[in-house]
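Q: I have a structure open and would like to go through it piece by piece. Can we start with the inside and then look at some single residues?

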Amino acid sequence: MLIAGNWKMNTDVSSSVELARGVIQESEHAGAVNVAVCPPAPLLSVVGEALAGSHVRLGAQNMYWVDSGAFTGEISAQMLSSLGCHYVIVGHSERRQYFGETDVEVNKKVRQSVKAGLVPIICVGERLNQRKAGKEQEVVAAQVQHALEGMEVRASDSFVIAYEPVWAIGTGETATPEQAQGMHKFIRTLVRQQFGNQIADGLHILYGGSMKPSNAEELLIQNDVDGGLIGGASLKADIFGQIIQAAQKL
Ligand code: PGA
């Protein structure tokens, strides 16, 4: 199980450190549950320091796919790993929607992150009109296949997939446990076809989209739901802690 907080463009130097400390406390009894937080890029350093010596892992929210050079404003995978990042979120729907990120770019980021020793949390998910048209599997299959194209995978923990139906992100609307389970199982089958049983069985497939303490357990208990990528509910340590506890009980 992996419970990861996506802080998006929230917090500042002092509030990020306070939140990180709170998450460490909430994770003390996390047992076998892996916990991670993904603060905004300028705060990775201070949050990384706050997390030192704890079991909570650091993740970034985005990166660029080139090693280094004249790319004003961009952040390389190597910079992230030198900051102590374990994870990097790639292809979040907000990046696809507001910053025009394409499947081709997502694939470049995925491959570059793995090369730098990071674990990409690859986000996929359909929009509401696509689900209404019955095209959700087609959309997600294309996103997964593009993202993983040409990737060399040695272990099941070298990448993570997060299924985040766009209509459930930040809307308070959650996929039903059956909808989540159905899509997660489908994604695992796609990974099985490409990488075989060992990788597919060990892969963490996270659910994201308005996960909160009141719905965490019914989602996390599903066979193919191996954790959560949590936005809004990760910004308060005690609420995030309740989701960690729900995962820990299962
Ligand atoms: P949410 O965001 O939990 O606020 O819906 C999840 C995400 O976008 O990763």
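This is a predicted model: local features need pLDDT of at least 70, side-chain atom pairs count only at pLDDT 80 or more; totals for chains, interfaces and linings use all residues.

Q: OK, the core. Which residues touch the most other members of the largest nonpolar core?
A: They are Ile-3, Leu-148, Phe-159, Ile-161, Ile-187, Val-191 and Tyr-207. That core has 67 residues.

Q: Take Tyr-207. What is Tyr-207 in contact with, leaving aside its neighbours within four places in sequence?
A: Its contacts include Tyr-163, Pro-165, Ala-168, His-184 and Leu-219. Also among them are Val-225, Gly-227, Gly-228 and Leu-229.

Q: And how many residues are in the other core?
A: There are 13 residues in that core, which lies apart from the largest one. Leu-2, Ile-121, Val-160 and Leu-229 are among its members.

Q: Where is the nearest cysteine sulfur to Cys-38?
A: It belongs to Cys-85 and is 8.1 Å away. The cut-off for a disulfide is 2.5 Å between the sulfur atoms, and Cys-38 is in no disulfide.

Q: What about Cys-123?
A: Cys-123 is in no disulfide either. For Cys-123 the nearest cysteine sulfur is that of Cys-38, 9.2 Å away.

Q: Is Cys-38 buried or exposed, and why?
A: Cys-38 counts as buried because its relative accessible area is 0%, and buried means under 20%. Cys-123 is also buried, at 1% relative accessibility.

Q: New topic: helices 7 and 8. At what angle do they pack?
A: The angle is about 40°, and the axes are 10 Å apart. Helix 7 covers residues 136-148, and helix 8 covers residues 177-195. Helix 7 passes helix 8 in a right-handed crossing.

Q: Which residues make the contact?
A: On helix 7 they are Glu-136, Gln-137, Val-140, Ala-141, Val-144, Gln-145 and Leu-148. Helix 8 contributes Met-183, Phe-186, Ile-187, Leu-190, Val-191, Gln-194 and Phe-195.

Q: How many of those are nonpolar, polar and charged?
A: The contact has 10 nonpolar residues, three polar ones and one charged one.

Q: Where does Val-124 sit?
A: Val-124 is in strand 5, residues 119-124. Val-124 is buried, at 3% relative accessibility.

Q: What does Val-124 touch, not counting residues up to four places away in sequence?
A: Among others, Val-124 touches Arg-96, Val-140, Val-144, Ile-161 and Ile-187. His-92 is 32 residues from Val-124 in sequence, with 7.2 Å between the two C-alpha atoms.

Q: Now the loops. Which loop holds Lys-8?
A: Lys-8 is in the loop between strand 1 (2-6) and helix 1 (13-26). Its phi is positive, about 50°, although Lys-8 is not a glycine. Most residues other than glycine have a negative phi.

Q: Last one: is Gly-53 buried or exposed?
A: Gly-53 is exposed, at 85% relative accessibility. The loop between helix 2 (44-51) and strand 3 (57-60) holds Gly-53. Gly-53 and Ile-24 are 29 residues apart in sequence, and their C-alpha atoms are 9.9 Å apart.

How values were computed
Residues are numbered from 1 along each chain as its sequence is written. Side-chain values use heavy atoms; hydrogens and water are left out. A nonpolar core is a set of buried Ala, Val, Leu, Ile, Met, Phe, Trp, Tyr and Cys residues joined through side-chain atoms within 4.5 Å. Buried means under 20% relative accessible area, exposed over 50%, partly exposed in between (1.4 Å probe, protein chains only). Contact means heavy atoms within 4.5 Å. Axes are lines fitted to C-alpha atoms, for helices over the stretch in contact, and angles run from 0 to 180 degrees between N-to-C directions. Helices (H or I, at least four residues) and strands (E, at least two) are DSSP runs, numbered from the N terminus. A crossing is left-handed if the near helix is turned anticlockwise from the far one by less than a right angle, and right-handed if clockwise. Ala, Val, Leu, Ile, Met, Phe, Trp, Tyr, Cys and Pro count as nonpolar, Asp, Glu, Lys and Arg as charged, and the others, Gly among them, as polar.
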